[in-house]
Amino acid sequence: MSTVLTGCQGEDQINELDWGETAETGTLEITPTDIQVNRDHDETVFWDVSESGQEVIIDLEIKNMSDSVVIMDRDFYYESFGVLHEEDVMEGEITVARMDLDIMPLPVYQDDLDEGASIETQIIVVVDEGELFSLAFDADGYSENESYEVSWAIE
């Protein structure tokens, strides 16, 4: 397993990692460990998707490397992580799916992450059929303009 150091970066300096590589953001070490894409309503775990949907479940290991507590709540997940994808019906336009725990209370880790502590959690989203590109993370709040710290290619 490799570790890549990142910092705040501009749009042209995005770190793109392979799935399973660890990103060290200064406060967190983040490693995507597994991904499950469910397209059949018989396979879905959290949502019953239609013929045109897909449920994406990403397993993560997160370690707090800072000397303060990280609050892992709805805002942390929603503002920091996004799944970049292109829907079949919107060919050529990459959109971002985020996990919103206010809309769908999912069974993911929601608590304080103490200094030096590690947890296993998930990012869970539903998107329309289409191509999945990457999982993106930005500690300062993910934005639509692709100005994020690090991303992992989904293959």
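Biologist: Why is Arg-74 called buried?

Modeller: Buried means under 20% relative accessible area, exposed over 50%, and partly exposed in between, using a 1.4 Å probe and protein chains only. Arg-74 has a relative accessible area of 19%, so Arg-74 counts as buried. Keep in mind that this is a predicted model: local features need pLDDT of at least 70, side-chain atom pairs count only at pLDDT 80 or more, and totals for chains, interfaces and linings use all residues. Residues are numbered from 1 along each chain as its sequence is written, and side-chain values use heavy atoms, with hydrogens and water left out.

Biologist: What makes Arg-74 and Asp-100 a salt bridge?

Modeller: A salt bridge needs a side-chain nitrogen of Lys or Arg within 4 Å of a carboxyl oxygen of Asp or Glu. Here the N to O distance is 3.1 Å, so the pair qualifies. Arg-74 sits in helix α1 and Asp-100 in the loop between β8 and β9, so the pair ties together parts 26 residues apart in sequence. (Helices, H or I with at least four residues, and strands, E with at least two, are DSSP runs numbered from the N terminus.)

Biologist: Which residues are linked in a network of salt bridges?

Modeller: Arg-74, Asp-75, Asp-100 and Asp-102. Arg-74 pairs with Asp-75 at 3.0 Å and with Asp-102 at 3.5 Å.

Biologist: Is Asp-102 buried or exposed?

Modeller: Exposed: its relative accessibility is 61%, and the cut-off is over 50%. Asp-75, at 36%, falls in between, so Asp-75 is partly exposed.
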